[in-house]
Amino acid sequence: MTAVGRSLPKRDAFEKVTGTARYTADLRLPGMLYARFLRSPHAHARITNIDTRAAQALPGIHAILTHANTIKKRYSDGKSDQLGLLPHPHNLDQVLFDDKVRYVGEAVAVAAGVDPRTVQHALELIDVEYELLPAVFDALQALEPNAPRIHDHVQHNTASHLPVSVGDVETAMRDAYVVVEHAVSTSRQKQAQIERTACLAHWDESGRVNVWSPTQTPHLVKQKLAVLFDLPQSCVRVVNPHIGGSFGATMGFTLEPHAVALSRATGRPVLLELSREEMFSNNSSRHPMYISLAMGFARDGHPVAMKVREIANTGAYASEGPDVVAATTAHFLRLYPCPNVMFEGTSVYTNAPPAGGFRGYGGPQAGFAIEQVIDIAAERLQLDPVELRRRICIRKGSVDPLFHLPVRSCGLPECFDRGSERIDWLRRSSMPVANGRWRRGLGMAAVMWVSGTACLPSTLDTSVATVMLLEDGSAMLHCAACDMGTGARTTLVQVAADELGLPFERVQIGPVDTDVTPFEVGAHGSRTLFAAGNAARLAARDVCDQLLAAAAAQLEVAIADLTLENSIISVRGTRDRSLSVAAVVNAAYRRGHQFIGRGESPQVNEPPFGAQFAEVEVDTETGLVRVLRLVAAHDVGRAINPRIVEGQVEGALAQGLGFALLEDMPLDAESGSPQTLTFADYRIPTVSWMPPLEVILVEDPSPSGPFGAKGAGEMGLGPTAAAIANAIHNATGVRMSEVPMSPQRVLAALNAARA
Amino acid sequence: MKLALHVNEILVERDVEPDVTLVEFLRAHLELTGTHVGCNNGICGSCTVLLNGEAVRACLLLAVQVDGASITTVEGLGGRQLNPLQQAFVEYGAVQCGFCIPGMLVTATALLKSTPDATRAQIVTALEGNLCRCTGYVKIIEAVAAASAA
């Protein structure tokens, strides 16, 4: 029986339900030390003195690192400098420790000792003197001419500026039948993975650096560590233990540089782990953005002009900020092709905690803006919102206007059909429905995504895999595709097993360990099953070809006459002329040969699509929004493992609902201190809060993905907030411009409309 | 302080400092790392264990408070074989990153022991204090419902 298309249980689920799965903080090495950071209480300050003598003298303390005793090599914790999406001159803006702090919670020292309590005690004995500097937390204020300068080498606090201009926007806007403008601002949403990030590092006696961390980009971390510590890449080994969620937070560096520096200083393995409070005050977030969008439409609904101004708050360091801004163009400029475009995106330094990559990577912010504008346009044009989108969206057979990639599969029309039918969209004509103080309405939004980052010729989007046949005819796949909970390490085996003609049970995948896996750029951009899956499939194909060539020689037939199914190689049209895979492999093995196949992901990309439909009820007295139903019809290409894909979409919807209605980490306006440092203050969706989710998998197979698959992990976040905002508008007539759409904000909008 | 208790039905005797939490004791002293610490504030529920059959947060208890008690962690739920609840979590795709899962399983075990025919509403109420960031809870509820007699 083939494996592709079946909801096989996840391979690692057995370890995870028995408590035997080891996450980074569960690891122990002999002689291991524990480490913690000391962090700044000030948002912007120069360190005038740091006295570690008392802490250093504490029995059991092995090392304390500060700006005074660490290397000053500049780096970026993001991956942009390696991926090469666009050049950003200011990217390399970090050092291990600086003599200046730029946000509340920035590390000023790190201590390593024999146990966590001794380390905590040592941190309390460190005396730091600061000279306070004026600080700025809001991106618009940071752009003002007299704003405090956050990095000496950067003018106007501008980390990146990206203009895109096509055609003549001013003329087209003037001539448009309808012009719709909407400005939105978005929140500092935290990835809030439940695992607290940790890193175990061991700079061993042979001079090799061994790192265990929940990184999504192990080979990039290997490269970055090699550069930072001036080592050959072959001397750095990065390993993934089980990963307790990441959602973008563990792309590039997290704790690796400091853990490695401590191990080098102490000669011991060092485990560095964050507290939940540090997970909030550090460890990345979604970029808060201000987006102003204007779109002009022709009488038939087709967009004729689009003007986008986008300001992203990247916080104290550029990290992923410039690339997140660049990536939003993929959400403004592709789904509804428009001949005249002016996009201007800026990522801005502030004294906020650094933002970074977060599942969706700019998509939820852009989606909140453009999908509301389309909804407003439909109303002004007196068209049904689904009908307008059908009319103007990109189609199969066309070329996307931004990356110029062919759209070879597009299940969006079917997403519209099945989503509308499921939620019974025709009821919208009798909406809103009033029930006492409650108003009920329907809204929808659409999305177009990517399968990986192969979109510009300059972008690095490489996955390499090998498949090795073992002496008994079973197979081992080696690939550094991380599984942060996505199921990739199950679905990749499904792909390889079917290509090999072996039962799923006879194919295993090796560890994510840069010592034994070929290069793989990382798990981001909805790329893993698509790109690493292509590499795994090609590696399996390659090893099969070698195997069949050997079998053909053994059976004295042409390769084309052979079939391979269920571990048996047979001569077509015969009953008795067959060999087991094991027999062919074993014969080769005895002659000193092992079959090893390799595959490299081709530089292809294929857009997945989705349409989401929300039914909401709004309490007109309190502003509370209740989502009654959320239907998500997503074209994910062929679903390699339908249950895993559903789980990915459901998880993304939960995070999209949190983005829409609950989540933000505001900073104190005076001090810049994060106001939510626990899960009590920062609410993520709980089980009773969640509305019913209805996921519909639309499978328009992609010609370029493994067995027709496309990217599926991130897309669910893209349109959720806009679908809910559009439903709120349908219910109440008010248009929302900020997320989260909290009761206070909805009530303020209702009151403004009533006034 | 001297401490004697049953952990997963095995008698354990240890000397511990009075400020060691139950979860530290389980993870560091007994090397039972299946019990996870997501927040250490008693909010996320990842560290849930059974104390004399009742679901509690191991990060909020001191080890010395459970002297003489019987503790069950995720490692003690099944034997060499998965129990029906664990099996349901695997089959229904309830596990993504898996970090919250030990707490979910322990909480659901306590529920199904007191209410073997738990309804969907009862399952949702019981799991309210266990945070998951991966799944949207859909398949976790399905898995517990499948293991319930209701």
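I looked up A:Gly315 and found it opposite A:Tyr349 in strand S15 of chain A. The model is predicted: local features need pLDDT of at least 70, side-chain atom pairs count only at pLDDT 80 or more, and totals for chains, interfaces and linings use all residues. Residues are numbered from 1 along each chain as its sequence is written, while chains are lettered from A and ligands numbered from 1 in the order in which they are written.

I then checked the pairing. S14(A) and S15(A), residues 341-349, run parallel and are joined by nine bridges. Strands pair if DSSP finds at least two bridges between them. Strands (E, at least two residues) and helices (H or I, at least four) are DSSP runs, numbered from the N terminus. From S14(A) the chain passes through helix H10 (residues 321-332) to S15(A) in a right-handed β-α-β crossover. Right-handed means that, with the strands pointing away from the viewer, the path from the first strand over the helix to the second runs clockwise.

Next I took S13(A), residues 289-297. Nine bridges join S13(A) to S14(A), and the two run antiparallel. A:Tyr290 stands opposite A:Ile311.

Is S14(A) enclosed or open? I found 12 of its 13 residues buried, so S14(A) is largely enclosed by the rest of the structure. Buried means 20 or more other C-beta atoms within 10 Å of a residue's own, exposed 12 or fewer, partly exposed in between; C-beta atoms are placed from the backbone.

Last, I looked at A:Gln382. Its phi is near 55 degrees, a positive value in a non-glycine residue. A:Gln382 is exposed, because 7 other C-beta atoms lie within 10 Å.
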